[in-house]
Amino acid sequence: MMNFINRLKDIFSIEELKNKILLTIGLIAVYRFMAAVPLPGIDPLQLTALKESTSGGLLGLLNAFTGGAFARASVMALGIMPYISASIVVQLMGIAVPYLQKLQKDGESGRKKIEQITRYLTVIVTASQAPAYLANLNARLPESAFVSQGTFFWISSIVVLVAGTMFVMWLGEQITERGIGNGIILIIFAGIAAGIPTGMRDTINLFKNGELSGLNLGIVFVIMLASFWIIIFTEK
């Protein structure tokens, strides 16, 4: 424990490193705060049905990656996933499109152009996913959950969702350039880590209610430790 404390003191004694760490923590805190802000025109007190429908399956996975923003009908409900989708598409297109192949060989200038193309594609991907997300809200939430409806609500919500994803992308880029580590990965990690306390609470409740046996709980714990060990071993 003392070694850990001493190591922290050594880290924060370096001014530049300290500033990078504080900046990274601050930007992640901004992301977590914005993830709790609901879309304009939606009553946040009536999101129970949406939270229940995203407790498992594919929607549950999407909700985990967005740190619960998906189930909160947040302005950042789509999170960083459209950017990741756009990045994958650009990488795949780089195999077949000569122009992108040339950019990949142009060094720093080519990398910047590819990043710009990825940003534009992110806007398109988010704008195409936003109506589907809003349709999902209409299907799962009661009519009373919507303070306003109609064309204005749809257009304004699409604009807000696109802006939210672009803001998350910008935060990730700032962390990468001025903070510590890969910003996009850290934002995804922050979203997943935000659900850990809730997951632990639900697991404990299942154990207390007799729905999860001690043996199964032990198996889950061993699998978690093994997963951590494999990840650390692979990274090292």
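View 1. The whole structure, a predicted model, contains 4 aromatic pairs (rings of Phe, Tyr and Trp, the last by its six-membered ring, with centres within 6.5 Å; stacked under 30 degrees between planes, edge-to-face over 60, tilted for the rest). F146 and F153 form an edge-to-face pair, 5.7 Å centre to centre with 85 degrees between the planes. F146 is buried at 8% relative accessibility, and F153 is buried at 1% (buried, under 20% relative accessible area; exposed, over 50%; partly exposed, in between; 1.4 Å probe, protein chains only).

**View 2. Aromatic pair of W229 and F233.** The ring centres of W229 and F233 lie 5.1 Å apart and the planes meet at 10 degrees, so this pair is stacked. Both residues belong to helix α11, 4 residues apart, about one turn of the helix (helices are DSSP runs of H or I, at least four residues; strands are runs of E, at least two; numbering starts at the N terminus). W229 is exposed at 55% relative accessibility, as is F233 at 58%.

**View 3. Surroundings of L47.** L47 sits in the loop between α2 (15-34) and α3 (48-53). L47 is buried, with 4% relative accessible area. Beyond neighbours within four places in sequence, L47 contacts I42, A71, R72, A73 and L141 (contact, heavy atoms within 4.5 Å).

**Notes.** Residues are numbered from 1 along each chain as its sequence is written, and side-chain values use heavy atoms, without hydrogens or water. In this predicted model, local features need pLDDT of at least 70 and side-chain atom pairs pLDDT 80 or more, while totals for chains, interfaces and linings use all residues.
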